[in-house]
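Please read them with the structure open beside you.

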Amino acid sequence: MFNKLKWKLTRFMYGRYGVDQLYIASALLFIVLQVVQLFVRNSFLSVLIFGLVIWTFYRAFSKNIYARQKENQTFLKFIRAAKSKGKLFGRRMRDIGSYRYRKCSACHTTLRLPRKRGQHKARCPKCGHLLEVKIWV
Ligand SMILES: [Zn+2]
């Protein structure tokens, strides 16, 4: 009985997109929104949750695999960028007592400079550009 059901499901999902990282993220968002709805009764939120569920299932059962993969890649790119920004911010906060971060005006590389008050000159290790650095605090 169980095997028959499994086989039917496998056959139904054949050629369909299925589950990816964006699916998991929207499922997590669904759970979060459900919890929020316990405290905030809002008809807009209900519509939003309903739309999210419809969209999530639409993506999983979609036969346009290429378009769904593209959506997932865009999502992953966004997540990677956010993670990298968060990491840099965390490092800046840890170093706030002893370092200052400045961008090279020539190649836009972020440089970590020792916190010495006043005006200094620093050479970018990547492109060799000599830049003026002002550190006041
Ligand atoms: Zn540079």
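1. Ground rules. This is a predicted model: local features need pLDDT of at least 70, side-chain atom pairs count only at pLDDT 80 or more, and totals for chains, interfaces and linings use all residues. Residues are numbered from 1 along each chain as its sequence is written, and side-chain values use heavy atoms, with hydrogens and water left out.

2. Aromatic pairs. Searching the whole structure gives two aromatic pairs. The ring centres of F12 and F61 are 5.4 Å apart with planes at 70°, so this pair is edge-to-face. F12 belongs to helix α1 (residues 2-13) and F61 to helix α3 (residues 43-61), so the pair ties together parts 49 residues apart in sequence. The rings of F57 and F61 have centres 5.9 Å apart and planes at 25°, so they are stacked. On terms: rings of Phe, Tyr and Trp (its six-membered ring) pair if their centres lie within 6.5 Å; planes under 30 degrees apart count as stacked, over 60 as edge-to-face and the rest as tilted. Helices (H or I, at least four residues) and strands (E, at least two) are DSSP runs, numbered from the N terminus.

3. The ring cluster. Ring pairs join F12, F57 and F61 into a cluster. F57 and F61 both sit in helix α3, four residues apart, about one turn of the helix. How accessible is F12? F12 is partly exposed, at 38% relative accessible area. F61 is partly exposed at 33%, and F57 is partly exposed at 42%. The cut-offs are under 20% relative accessible area for buried, over 50% for exposed and partly exposed in between (1.4 Å probe, protein chains only).

4. Charges over rings. R16 lies over the face of F12, 4.3 Å from the ring centre. The charged end of R112 is over the ring of Y99, at 3.9 Å from its centre. A charge counts here if NZ of Lys or CZ of Arg is within 6 Å of the ring centre and within 35 degrees of the ring normal.

5. N72. Is N72 buried or exposed? N72 is buried, at 5% relative accessibility. Its place is in helix α4 (residues 65-94). The side chain of N72 reaches the backbone nitrogen of L22 at 3.1 Å. Beyond its neighbours within four places in sequence, N72 contacts Y17, D20, Q21, L22 and R59. Contact means heavy atoms within 4.5 Å.

6. Y17. Y17 lies in the loop between α1 and α2 (21-39). Y17 is buried, at 15% relative accessibility. Not counting residues up to four places away in sequence, Y17 touches several residues, including R59, I65, R68 and N72. A60 is 43 residues from Y17 along the chain, and their C-alpha atoms are 5.3 Å apart.

7. Zinc site. Which residues are the protein donors of the zinc ion? They are C104 (SG), C107 (SG), C124 (SG) and C127 (SG), at 2.2 to 2.3 Å from the ion. Their spacing in sequence is C-x2-C-x16-C-x2-C. C104 is in the loop between β1 (99-103) and β2 (110-114), and C124 is in the loop between β3 (118-123) and β4 (130-135), 20 residues apart. Both C104 and C124 are buried. Donors are N, O and S atoms within 2.8 Å of the metal (3.2 Å for Na, K and Ca); water is not among the atoms, so sites may look incomplete.

8. Zinc geometry. Angles among the four donor atoms of the zinc ion run from 106 to 112°, and the site is tetrahedral. Four donors count as tetrahedral if all angles lie between 85 and 135 degrees. The ideal angle for four tetrahedral donors is 109.5 degrees.

9. The loop between β1 and β2. S105 is found in this loop and is exposed, at 52% relative accessibility. The side chain of S105 makes a polar contact with the side chain of H129 at 3.1 Å. A polar contact is a pair of N or O atoms within 3.5 Å; within protein, one must be able to donate a hydrogen and the other to accept it, and residues adjacent in sequence count only if both atoms are side-chain atoms. H108 also lies in the loop between β1 and β2. H108 is exposed, with a relative accessible area of 55%. The phi of H108 is near 65°, a positive value in a residue other than glycine. Most residues other than glycine have a negative phi.

Conventions. Tetrahedral: all angles 85-135°; square planar, octahedral: opposite > 155°, others 65-115°.
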